[in-house]
Every structure is written in C-alpha cells, then in structure tokens.
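Dear colleague,

I am passing on the structure below, followed by notes on what turned up in it. Please read the notes with the structure open beside them.

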Amino acid sequence: MLRNREVKILTTVLALISTVAIMYAIIAYSISVTIFLLIVIIIIFGCFYQFTRFRYKEIEKLSSYLQQISNGDKSLDIRDNVEGELSVLKNNIYKVTLMLSENSALLRQEKLKLTDAISDISHQLKTPLTSMVVMTDLLSDPHLKEGKRREFTNNLSIQLERMEWLVSSLLKLSKMDAGTILFKKEQVDVKKLLYKAVEPVLIPMDIKGQAFGIIGDEGVTYIGDFKWTVEAIINILKNCVEHTHEGGEIHIRFSENVLFTEIVIQDNGKGIAKKDVPYIFKRFYKGENASEDSIGIGLAMAYSIIKSQHGDIEVRSKVGEGTTFHIKFYKQVV
C-alpha cells in the first residue's frame with residue numbers, strides 16, 4: 001500500500017498538518033489539550049490506514065483476478081451485491097470476463113468448423129484429382145485408341161466442371177458466413193423467379209422423362225434478392241431431379257398471404273430417411289440415399305441463401321413417397 005505514490009503524498013501532507021497542529025496546541029493551549037489532539041490524530045491515522053489498506057486489498061484481489069484471466073482461467077466469479085464503485089468495477093470486470101469467455105468459445109467452435117471444412121474440402125478435391133491424374137497418364141499413351149481417348153477427355157472435362165462448381169460454391173458459402181455478401185432488397189416476382197430457376201434443370205428432367213409443373217397466382221411477390229434466390233431454388237431442384245426416378249413428378253406451388261410468401265417444391269422420388277432429415281442442410285452431409293457423385297453442399301447453400309434473406313426453409317419427407325421443401329419469405333421480421 002505504502003509503495004503507491006498517492007498514498008505517500010497524502011500521508012506526508014497529513015503528517016505535516018498534524019505536526020503543525022500539535023506544535024500550535026503546545027504553544028497556545030495546555031498539555032492536556034495537546035495530548036487529546038495527539039490521540040485524535042492517532043485515531044484518524046489508524047482509521048485512514050485501515051480504510052486505505054482495505055481498498056488496496058480489494059484492488060490487489062482484482063489485479064490477481066485479472067492475472068488469472070490472462071492465464072486462461074475464466075471460471076472465477078467476483079460479483080457482489082454491495083453498493084459502491086468497487087462493486088460496480090467488480091461486476092463490470094465479470095461481464096467483460098464472461099464476454100471474453102463466450103467469444104473464446106465461439107472462436108474455438110469456428111476453428112473446429114474451419115478445420116473440418118478444410119478436411120472435407122481436401123477429401124472432396126482429392127477424389128477427382130486422383131481420377132484426373134490417372135486419366136492424364138492414360139492419355140499420354142500414344143497407342144491409346146481414339147474412342148478411349150475421347151472418353152477420358154470427356155471424363156476430365158466432367159471432373160474439372162465438378163471441381164470448379166465445388167470451389168465456387170465454397171467461396172460463396174464462406175462469403176455468406178463472413179457477412180460480406182450484400183443481399184438486395186427488391187420486389188421479386190415469384191413466377192419469374194421460378195421459371196428462371198427451372199431453366200438449368202429442364203434438360204436433366206427431360207432426359208429422365210420427369211413431369212413438371214408450376215402452380216400459383218400472378219402478382220405474387222416478396223422482398224429479397226432475385227439472383228441469389230434463383231441459385232437457392234436451382235440447388236433444391238437439382239436435388240429433386242437427382243432423387244426422383246425416371247418418369248417421376250416434380251411440382252412447385254407458390255402463394256402469398258399477409259404474413260409471408262411461400263414456395264413449395266415437391267417430388268415423388270426416393271425420399272429422405274427420417275434419421276437424415278435433421279441434417280440435410282449441413283455442409284458435406286450425405287444421407288443414405290445420396291448418390292456417389294453427391295458432395296452434400298447444394299442444400300447447405302440454399303439454406304444459407306434463404307436464411308440470409310430472413311426466410312425460412314423446412315423439409316418433410318418419407319422414404320419411397322417423396323420430399324417436400326417449404327420455403328417462406330416473411331413480410332416483416334420482428
């Protein structure tokens with residue numbers, strides 16, 4: 001306590017004042033007055049010392065607490081319900097500690113997610129890369145038949161497109177996670193949106209002989225980003241086409257009410273196992289009915305895009321009967 005400069009200065013000033021007061025009492029008054037004054041000064045000094053010592057002990061505890069926090073121990077609780085500046089300081093320090101602890105936990109979770117994502121990406125890229133290396137070696141054979149050469153060249157092109165889509169999708173997802181994508185807030189005509197989203201999957205549906213239909217009223221709209229929502233719908237439709245058998249059906253309904261605009265995408269395909277339903281929007285998750293070429297990122301991207309526009313998406317499915325995706329864009333987010 002006495003090593004603190006302000007305490008030394010205050011003690012010196014009080015000692016000087018007390019000395020002057022005692023000398024004046026000796027000169028101007030009797031010895032008994034002087035003794036009484038001396039006793040009062042000693043009591044005042046004792047009270048000052050005890051009070052100051054108590055305050056600095058509390059400050060020392062806070063200093064020790066902060067040292068423990070810096071060493072990684074964030075489990076201590078120094079809150080109290082006593083009024084005063086020290087109590088307010090303790091409570092504020094605890095709040096900051098709690099916030100640091102929560103942020104540290106979030107950072108650890110994000111680090112684990114990043115590690116898992118890198119591991120998954122490496123795994124997803126490794127398979128096509130290995131296939132491409134093998135096919136490149138085979139193509140270097142001058143005696144390779146022309147038919148095989150065309151087949152390998154076509155396979156290389158497919159693998160490159162797959163890798164390009166994967167990298168592009170992961171970049172988009174990472175941008176959404178970082179909050180660097182600014183989604184537009186414009187009035188979107190749902191019918192135009194759906195017809196635009198259907199274009200890329202018309203050929204695969206035609207090849208599989210799948211029936212398709214869009215049902216909804218004219219003038220149904222919502223506030224959101226046209227291009228990004230198209231991408232989300234495309235990924236959902238690709239999933240439906242992939243898991244619906246030849247000659248199957250895929251239908252889209254859309255409607256609007258005072259609370260939200262709803263888009264329902266339904267197929268009569270393989271369906272999703274009950275145990276897989278809660279996880280289908282997780283990145284790189286592949287259910288038991290997923291194809292070998294499935295990466296498990298399309299539905300995750302659709303989910304992120306819709307959620308980023310204050311929308312909601314849920315899925316209902318039954319094995320052997322089909323799957324239904326319900327998308328809602330709310331009029332006003334409370």
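Helices (H or I, at least four residues) and strands (E, at least two) are DSSP runs, numbered from the N terminus. This is a predicted model, in which local features need pLDDT of at least 70 and side-chain atom pairs count only at pLDDT 80 or more, while totals for chains, interfaces and linings use all residues. Residues are numbered from 1 along each chain as its sequence is written, and side-chain values use heavy atoms, with hydrogens and water left out.

His 310 lies in the loop between α8 (298-308) and β6 (311-318), and has a positive phi of about 60 degrees although it is not a glycine. Because its relative accessibility is 45%, His 310 counts as partly exposed (buried is under 20% relative accessible area, exposed over 50%, partly exposed in between, with a 1.4 Å probe and protein chains only).

Thr 323 sits in strand β7 (residues 322-330) and counts as buried because its relative accessibility is 4%. Its side chain makes a polar contact of 2.8 Å with the side chain of Ser 317 (a polar contact is a pair of N or O atoms within 3.5 Å; within protein, one must be able to donate a hydrogen and the other to accept it, and residues adjacent in sequence count only if both atoms are side-chain atoms).
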